[in-house]
Amino acid sequence: MPSPTDATTAQDIPADWPALWQQMLQARTTGQAAPPLRWCAQQGWQLAPEGDARSAELFTLYKPLLDARQAGGGAPWAVAQLGQSLDGFVATVTGDSYYVNGPHCLLHLHRLRALCDAVLVGAGTVAIDNPQLTTRRVPGPQPVRVVVDPAVRLDGQSRVFRDGQAPSLWVCDARHAALARERLGSAPAEVLAVDGLLDDSGEGYRPALVAHALAARGQRVLFVEGGGMTVSRFFTAGVLSRLHLIIAPVLIGQGRRGLRAPAHDVMADCPRPPTRTLPLGEDMLWDLDLSGSSRA
């Protein structure tokens, strides 16, 4: 979550970034852009070498999303973002998550929303934070807002279902779809029923089915925003192509865990995906390329 300082205080934004962002949005929407961007069939979207080095770093961070969209096809492509403390927590024991990360991370979050077809959160995040999931901090289109609630724990009154700011989907197991529709009533959100979404235990669910159901509707480029459990489920299921793990210089001590990866007995078996780092204010973003690794 953002720091008490509002995102507008992030004053060290490069002077050429707003114009570059507009070209990135054009590439996202139309598949075309003007200099300094150009499309290369072999290397994807390319940025001309002149310009601010910081803008070039930011472009490299978002380039995989633009490339995935331009490549087309029907398969889903997913990126996740998770902000956590140095000791691996997203919130205190009381659930307080204000404020783990700083204002640059809030801007980053809204940029990811703008570049994706859909932004996805779990039922726990909606119940605790009641988020809007809009792009109000940056120029850009509103993504489809997706709430994964397989057994319909929510009451349908959250603002993501009722404020009408952007299209919203309540994703649940097909066996519970009637209850979700009943709770929505006349709200503008839509229920997306997925056959077999709940796993055999009845407590977990199958993230790949969610991603494919969304891709079938045209929401192919997916941003898994949170919370920690939801991001961890998609990570473990091997659904993510990219993970942005943002580490804040704070120690929480005990609380709600951030990323949870499958356990391994031998270090040689632990995955080491290609990574790059990028400072975001006082925080450090780790960009993990998961496209060629197995997390199961």
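Rings of Phe, Tyr and Trp, the last represented by its six-membered ring, are taken as a pair if their centres lie within 6.5 Å, with planes under 30 degrees apart counted as stacked, over 60 as edge-to-face and the rest as tilted. Trp17, Trp21 and Tyr62 form one aromatic cluster on this basis. The model is a predicted one, in which local features need pLDDT of at least 70 and side-chain atom pairs count only at pLDDT 80 or more, whereas totals for chains, interfaces and linings use all residues. Residues are numbered from 1 along each chain as its sequence is written, and side-chain values use heavy atoms, with hydrogens and water left out.

The structure contains five aromatic pairs. In one of them, the ring centres of Trp17 and Tyr62 are 6.3 Å apart and the planes stand at 40°, so this pair is tilted. The pair connects distant parts of the chain, as Trp17 belongs to helix H1 (residues 17–30) and Tyr62 to helix H2 (residues 53–71), 45 residues apart; helices are DSSP runs of H or I with at least four residues, numbered from the N terminus. Both Trp17 and Tyr62 are buried, that is, under 20% relative accessible area, where over 50% is exposed and the range in between partly exposed (1.4 Å probe, protein chains only).

The rings of Trp39 and Trp45 have centres 5.6 Å apart and planes at 65°, so that pair is edge-to-face. Trp39 is partly exposed, at a relative accessible area of 35%, whereas Trp45 is buried, at 2%.

Helix H3 covers residues 103–115, and 13 of its 13 residues are buried, so this helix is largely enclosed by the rest of the structure.

Technical notes: Helix = DSSP H or I, 4+ residues; strand = E, 2+ residues; numbered from the N terminus. Expected span 1.5 Å × (residues − 1).
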